[in-house]
Amino acid sequence: MAEILDKVYDPQKIETKWYAYWENSGLFHARADGAKPSYCIVIPPPNVTGSLHMGHALNNTLQDILVRWKRMQGYDALWMPGTDHAGIATQNVVERMLAAEGVNRHSLGREAFIERVWKWRAESGGTIINQLKRLGCSCDWGRERFTMDEGLSRAVREVFVRLYEEGLIYKDDYIINWCPRCRTALADLEVEHDPHEGYLYYIKYNLVGREGAITVATTRPETLLGDTAVAVNPADKRFKAFHGATLRLPVLGREIPLITDSYVSMEFGTGALKITPAHDLNDFEVARRHGLLAIKVIDEEGLMTAEAGKYRGMDRFGCREKIVKDLKSDGLLEKRERYHVPVGHCYRCRTVVEPLISKQWFVAVKTLAESAMQAVQDGRTKLIPANWEKSYFDWMTNIRDWCISRQIWWGHRIPAWTCKDCGEVIVTREDPDKCPKCGGANLAQETDVLDTWFSSALWPFSTLGWPDQTPELKLFYPTSVLVTAFDILFFWVARMMMMGLHFMEQVPFHEIYIHALVRDPEGQKMSKSKGNVIDPLDLMDQYGTDAFRFSLAAFAAMGRDVRLSEERIAGYRNFANKVWNAARFTLMNLEDFDPAASAADRSLTVVEAWLLSRLQQVAQEAAAHLDAYDFDQAANVLYQFIWHEFCDWYLELIKPQLNDKEDAPARRHCQEVLLNVLSAILRLLHPFMPFITEEIYQKLPGVTGSIMAAAYPREDKTLVNAPAEAEMGLVMEAITAIRNLRGEMNVPPASQVEVFLRSADAGSLAALERHRQAVMLLARVKELHSQTDALPAAAAKAVVEQVEIFMPLAGIIDFAEEDRRLAKEMEKIGKELAQAQRKMSNEDFLAKAPEEVVNKEKERLNSWSEKLAKLKTHRERIKELMG
């Protein structure tokens, strides 16, 4: 006996219930026993400080679809969850809390501060995990990892020590990106460059011992205090006479050389370039080649140093204003021009980054990058879509050594000690108690921590238990696919490739699916400053998680950003309601169905053969699309089949059988097929809409266990039936054509009509005759005449394949009245069209109106044009019928 569903689908009633059931039943847990083929995805670990945003929602929905699908296909599927300790972000959160208490980390001390961070993590760090559960993510939560947990910390230390022993980690003076607010070094990828409206200052450097000056153009006049040379290109004829000259540094008066270097662009500014080795990476490299000093004039707080002379202690931007005034008064500022300057900002706090010379730890990545490029070139790892390969190769080819040290406290402290007695640097797997060189115990540990991305780069193998050889590592590495956004392709993905190949000698994943961004309906990036951020939690509360998930998948076209709006999600809520109502109708018609009773010995009807044939194709297409990461196409195949073929056609076509209580065997056979089809539909849909499908599945007669453990439908070629599909295609087209004629001719819905069929193809007429009952019922036809020679008068006509369809209208509609109605409607729409045309021919409107306003007006113009054309055609047909 079937249970009946509630009349209205209420997501809130079922989502929490079924998620708890899945989790408590261990349905997310991978067995890792080798009994089934393995499938593994590692989650891109969200920051422990984070809360669910649209990027997370899309990324994790796509992963969950894949993992649920693979489980149903019989795989031992592991979705490895976890969070990232997010060094700078987490430290900032806790520092803000301390500031509210009137203290700071320095007054608290390092150990006490780290304890506070751990305390915060225990209290608030689980927010993002709970939100992922709300989304329906079927991660193996029993295996949840954290980049600072004991096992991952051991892996991080092992990797650092090995790389150091191999000579791939070193410490050196280098220009790094420094954030004065976060007070730490940043990797190149952590610096975001934005264009600023600035100035190009033309400053004169007087020649020493001779008349004249060399004019230099710069966007940062405050850094001239650290200049140790001016460089020109050796091929620049304008400066041939000045090679080897000495110049006097403005303001400070220090003598500096004029040097030649092919790095200098002859097109930029005047062709003469000031060299400030301590505050510019390219200048640092030039200085190395020429043996120049590096003078640091800006410190870690963004203030001028003692080397800046009278500007000492000034803020760097305040110094710029003062030095420009001084240059003017000294007659050394030739001019200034407006100039768009690309300015680097800290990706966390948006402070302008300062290039500083500093002792830092680095990974020499050139050889690691070569291996990672080769793995993509030879197909061991496939990037999807393939157009990302160019960006990947470009970045890998031009890669710089990776600065991995950060001047913060929260993170993996670098396992390096310096002996204060003899200067020996000790890097070990265990904390040392004495110096191996001199035996002294006066050891000081490095205060810096590792870049957060260092531990994240080990994620695919460290989470599986490395450096131990665990069953999980053996079964699930390399992982199957990484699903990620393009914005961390270099931050994270490229580095995982390098580390995985180096330490595991295998790629970390066979495929990398790179999805696009979720944008607002106008295609704008969501940001708080624009006020266009959509909160996924609000949408799930309002429309249900299944509708939200299906929306994300349905618009996740490969290589194209998702334009999300509430209207679209509301549309897929309607789809969820459609599924619910169809299931409710089915279950109401299965109330007397006993699955244990013997099956009805009946052949398939043409209608059943058609639907089962289409079901096989849909199962095959959905799986093929998922296999290719075409989530939108898989969702669309299911949507079209369920809404239109199953709900709109099949359920309507079988109602007579279901209502026929006299022919019990035929009715039972119909029930059996209906039950099997609904079960298959729910299983096909489950990866996309897990909650509603589980709720309905549990109500099906004869069902035991969760839909998660049920088999994903596979194509059964024996059920593919082209003749049944062709026959039902003709029947549905004929019914649609009659319905369209009724609508076009404004036939009242309650009116029954006569229909005449004519065709030279006897097979087509015979097919329609076999489905006479369906045609008459679904098209509201009172009499259906086949192969008539005498054509009815005043009849509307349609053609379907080789069949002509005639519908007499005399006595059903008043032709004169309909003509007047159409004329009035055409006049009204003509006015709207004229108004839209005037707007679109107004050059001022086209030039000044926002693009989205212009596009909407274009849409209105096209809409009115189409409506007017249809009305015109309809009126012409009415006039023909009037005679």
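Colleague: Let's start with helix α23. Which residues of α23 are buried?

Modeller: Pro690, Phe691, Ile692, Thr693, Glu694, Glu695, Ile696 and Tyr697 of α23 are buried. Keep in mind that this is a predicted model. The cut-off for buried is under 20% relative accessible area. By that reading α23 is mostly covered, with eight of its eight residues buried.

Colleague: What covers the buried residues of α23?

Modeller: The cover includes α1, α2 (54-72), α6 (127-134), α17 (545-554), α18 and α22 (664-685). Take α1 from that list as the worked case.

Colleague: At what angle do α1 and α23 pack?

Modeller: Read two values, the angle and the axis separation. Here the angle is about 80°, and the axes of α1 and α23 are 9 Å apart. Angles from 65 to 115 degrees count as roughly perpendicular, so α1 is roughly perpendicular to α23.

Colleague: Which residues of α1 and α23 make the contact?

Modeller: From α1, the contact uses Ile14, Glu15, Lys17, Trp18, Tyr19, Tyr21 and Trp22. From α23, the partners are Pro690, Phe691, Ile692, Glu694 and Glu695. Sorted by class, the contact of α1 with α23 has eight nonpolar, no polar and four charged residues.

Colleague: On to charged pairs. How many salt bridges does the count come to?

Modeller: First the general idea. Side chains of opposite charge can pair when their charged atoms come close. The cut-off is a nitrogen within 4 Å of a carboxyl oxygen. By this rule the count comes to 58 salt bridges.

Colleague: Which side chain meets that of Lys17 in a salt bridge?

Modeller: That of Glu695, at 2.9 Å from N to O. Glu695 lies in helix α23 (residues 690-697) and Lys17 in helix α1 (residues 11-24), so the pair ties together parts that are 678 residues apart in sequence.

Colleague: Glu695: buried or exposed?

Modeller: Buried, with a relative accessible area of 7%. Lys17 counts as partly exposed, at 40% relative accessibility.

Colleague: Which side chain meets Asp648 in a salt bridge?

Modeller: The side chain of Lys578, at 3.1 Å from N to O. This pair links distant parts of the chain, with Asp648 in helix α20 (residues 631-653) and Lys578 in helix α18 (residues 566-588), 70 residues apart. Asp648 counts as partly exposed, at 28% relative accessibility. Lys578 is also partly exposed, at 24%.

Colleague: Which residues are linked in a network of salt bridges?

Modeller: Arg220, Glu222, Arg316, Arg320 and Glu354 are linked in such a network.

Colleague: Next, the backbone. Which residue does a cis peptide bond join to Ile384?

Modeller: Pro385. Read omega here: the bond between Ile384 and Pro385 is cis, with omega about -5°. Pro385 sits in the loop between β15 (382-384) and α11. A further case is Tyr477 to Pro478, cis with omega near 0°. Pro478 is in the loop between α14 (471-476) and β22 (479-485).

Colleague: And phi? What is phi of Arg183?

Modeller: Near 55°, a positive value in a residue other than glycine. Arg183 lies in the loop between β5 (169-179) and β6 (184-186). Arg183 is partly exposed, at 35% relative accessible area. Compare Tyr629, where phi is near 65°, again positive in a residue other than glycine. Tyr629 is in the loop between α19 (606-627) and α20. Tyr629 is buried, with a relative accessible area of 5%.

Conventions. Residues numbered from 1 in each chain as written. Heavy atoms only, no water. Helix = DSSP H or I, 4+ residues; strand = E, 2+ residues; numbered from the N terminus. Buried < 20%, exposed > 50% of the residue type's maximum accessible area, 1.4 Å probe, protein only. Axes fitted to C-alpha atoms, helices over the stretch in contact; angles between N-to-C directions. Parallel < 35°, antiparallel > 145°, perpendicular 65-115°, else oblique. Contact = heavy atoms within 4.5 Å. Nonpolar A, V, L, I, M, F, W, Y, C, P; charged D, E, K, R; others polar.
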